[in-house]
Amino acid sequence: MNRRRRAARLQDRFQLRAWLMRHLQVFFSSLGRLWQRPLGNFMSVLVIAIAMALPAGLHLVVDNLERLSDHWEGAAGATLFLQQGLDDAKVETLLQRLRREPQVGELKHLTPGQALAEFRRHSGMADAISLLEENPLPHVVLIRPADPGIPAERFRALVERLRDHPEVERAIADLQWVERFQGMVHLLQRGTTILAALLSLAVLLVIGNTIRLEIQNRRQEIEIVKLVGGSHAFIRRPFLYEGFWYGLLGAALALLLLSLSLFLLHGPVSRLARLYGSDFTLESPGPAVVLAIFLTGSLLGILGAWIAVHQQLQEIEPT
Amino acid sequence: MREQTGTAHEMIRFENVSKSYPGSQGGLHEVSFHLEPGEMAFLTGHSGAGKSTLLKLVGLLERPNRGQIRVNGHNLGRIGRRQLPLFRRQVGMIFQDHRLLADRTVFDNVALPLVVAGQSRAEIRRRVQAALDKVGLLKKAKALPVTLSGGEQQRVGIARAVVSRPPVVLADEPTGNLDPELSLEIMELFRQFNQVGVTLLIATHDLGLVERLPTRTLTLREGRLVGDRRP
């Protein structure tokens, strides 16, 4: 009994090895078949690569923009308008209390006189302003967050809290710019997703069509293999591996195109950043992105080939 | 594939088998016969008499409109798409046009039935060499089919049909394009396979050849079995 079981296990192991050997053999022979028509196949791989590099590149751009908005120093700020007719002592206590807030960083106080002077200077309505009998402007406090990278929500909560001081009449969070920017980034992200979905479909079709032509070219061979008792799995296998190779090579070439584009963009981007006084540089795709591209490519390849094979193989029968 | 009992003494059995092709003549009408294991038979008749159709029905390249066919214990009507490959491995087929893969060597062509059956490399090597030796083409193992003569190509096709030792071998006009001397050689090969227990059904219109060999002969005319001559 024991011996029989051991023999069975040995048999299983032998079959597993034979199975692996068969797959390994097809794995390489399908790659070899791609080599047989290098130019035509390279074109297919190039189309796949471009279709994959586009959304991947856009994703990279969005990623970098997001990083940019994270580090948008000094973009966020708030303006506190104090109650009218507040006496200087009360203003001073409020300022001291505000300075003690850990989340409040830079703080700038404008008296009504200063505010009016500034308004006169910038508005171009000096004549009209001089007609006013009394200064209508309140004390104004401009604050910036202690942490420039503070998320919009947390900053907004801080401003809400400051508004609760009885001396404060109105508090306006100046997040518009950051929020607009983030809104644009979100839009781009969504656009990238849609583009990626459409171009994935294109990759699927390109690979499916390439495999379909390949099946047509090898129609006679498929008939003969069926004639001698080749199963569907046996016939399907090399085509699936071929699809896999198309996807994988397309992904590799897409990464190459991406790196090349980054290399070409690197100089102009850092020059532009320097003009804005930033040391921002484009970041290359991380290992997760690289892995995702390879995985997506090979899966799309297998899937595209599978669809083509599934459609075609049943019609081809020896006569 | 499950062996079915009760017909173990018959390798091929046709019961009232009809096959017609829409819009054309030919086909078969109510054909019944059987071949025992290890039997060898010729199938003769004019072209269009239904010889090829009959062989295609045995190899499940076609399915009959009516009637029942049993091959090696299997009711062919019960064999679905999934079991078809396993069934085909039990039937070796030889064609007038050889049906070889032009871009593979003689060795690879002959190895094909073993490769699809998942045999080990060593086993494939051993069996292909034995088959090529049998048909006298061991030295041409590495050649491509196009570099061979018609007779040699036919022998490659024969080696491929018998390499996996199927119980049944079908041949459709195997000597169609060959001169009489080569034809006799091929027939001698078939006789040798038959002697080791293979059941053979050979379609041919070469009546001269048939007359010279003392073998059972089934004759078709316009789709009907009109003769069953035993030596």
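Visitor: Let's start with Glu173(B): is it buried or exposed?
Guide: Glu173(B) is buried, with 20 other C-beta atoms within 10 Å. A residue is called buried if 20 or more other C-beta atoms lie within 10 Å of its own, exposed if 12 or fewer, and partly exposed in between, with C-beta atoms placed from the backbone.
Visitor: Where in chain B is Glu173(B) found?
Guide: Glu173(B) is in the loop between strand E7 (168-172) and helix H6 (180-195) of chain B. Helices (H or I, at least four residues) and strands (E, at least two) are DSSP runs, numbered from the N terminus. Phi of Glu173(B) is near 50°, a positive value in a residue other than glycine.
Visitor: And what about phi of Arg99(B)?
Guide: Arg99(B) has a positive phi of about 50° and is not a glycine either. You'll find Arg99(B) in the loop between strand E6 (91-94) and H3 of chain B. Arg99(B) is partly exposed, with 18 other C-beta atoms within 10 Å.
Visitor: Quick check, where does all this come from?
Guide: This is a predicted model: local features need pLDDT of at least 70, side-chain atom pairs count only at pLDDT 80 or more, and totals for chains, interfaces and linings use all residues. Residues are numbered from 1 along each chain as its sequence is written, while chains are lettered from A and ligands numbered from 1 in the order in which they are written.
Visitor: New topic: how many helices and strands does chain A have?
Guide: Chain A has 10 helices and 4 strands.
Visitor: At what angle do H7 and H10 of chain A cross?
Guide: The axes of helix H7 (residues 176-217) and helix H10 (residues 287-313) of chain A cross at roughly 45° and come within 8 Å. Axes here are lines fitted to C-alpha atoms, for helices over the stretch in contact, and angles run from 0 to 180 degrees between N-to-C directions. That makes H7(A) oblique to H10(A); angles under 35 degrees count as roughly parallel, over 145 as roughly antiparallel, 65 to 115 as roughly perpendicular and the rest as oblique.
Visitor: Which residues meet there?
Guide: Residues of H7(A), including Val203(A), Leu204(A) and Ile207(A), meet residues of H10(A), including Leu300(A), Gly304(A) and Ala308(A). Two residues are in contact if their C-beta atoms, placed from the backbone, lie within 7 Å.
Visitor: Last one: how many residues does each chain bring to the contact between A and B?
Guide: Chain B brings 15 residues and chain A brings 13.
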